Amino acid sequence: MPSIEIITSIVVDEVTLDLDELARACAVESVWIVERVEAGLLGALNRQQPADWRFSSAELARARRLVALERDFDANPELAALVTDLIEEVARLKGRLKAAGLD
């Protein structure tokens, strides 16, 4: 009997936000976003000029986490970014454990 291989794929249309949209979504001024991108704490697509920057949904989640840490714990931006990096790494590792059936 011949084997049949079925391949499925999911295409997700990633919606990106511009600088002003990201700032509004995070309830901060645009300058807050610019400062974090220039410091390397947030990533922007098309890093030519701030007016051309685009941000993914992952960066939206990261920015919101940075805002919360800075606000709620009075953390400086670098400390908030470090904590965010650690939270994201733990989530990645948990995902790998789950994918390996070791959750």
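The structure is a predicted model, where local features need pLDDT of at least 70, side-chain atom pairs count only at pLDDT 80 or more, and totals for chains, interfaces and linings use all residues. Side-chain values use heavy atoms, with hydrogens and water left out, and residues are numbered from 1 along each chain as its sequence is written.

As for the overall layout, the protein has 4 helices and 2 strands, which follow one another from the N terminus as β-α-α-β-α-α. These elements are DSSP runs numbered from the N terminus: helices are H or I with at least four residues, strands E with at least two. Of the 103 residues, 28% are buried, a label for under 20% relative accessible area, while exposed stands for over 50% and partly exposed for what lies in between (1.4 Å probe, protein chains only). Among contacts with a separation of 6 or more, 43% link residues 24 or more positions apart; a contact means heavy atoms within 4.5 Å.

Next come the aromatic rings, with 1 aromatic pair in the structure. The ring centres of Trp 53 and Phe 55 are 6.2 Å apart and the planes stand at 90 degrees, so the pair is edge-to-face. Rings of Phe, Tyr and Trp (its six-membered ring) pair if their centres lie within 6.5 Å, and their planes count as stacked under 30 degrees, edge-to-face over 60 and tilted for the rest. Both partners are tucked away: Trp 53 is buried at 4% relative accessible area, and Phe 55 is buried at 0%.

Arg 62 sits in helix α3 (residues 57-73) and, with 8% relative accessibility, counts as buried too. Leaving aside residues up to four places away in sequence, Arg 62 touches Leu 41, Leu 42, Ala 81, Thr 84, Asp 85 and Glu 88. With Asp 85, the side chain of Arg 62 makes a polar contact of 2.9 Å. Such a contact is a pair of N or O atoms within 3.5 Å; within protein, one must be able to donate a hydrogen and the other to accept it, and residues adjacent in sequence count only if both atoms are side-chain atoms.

Finally, Leu 86 lies in helix α4 (residues 77-99) and is exposed, at 52% relative accessibility.
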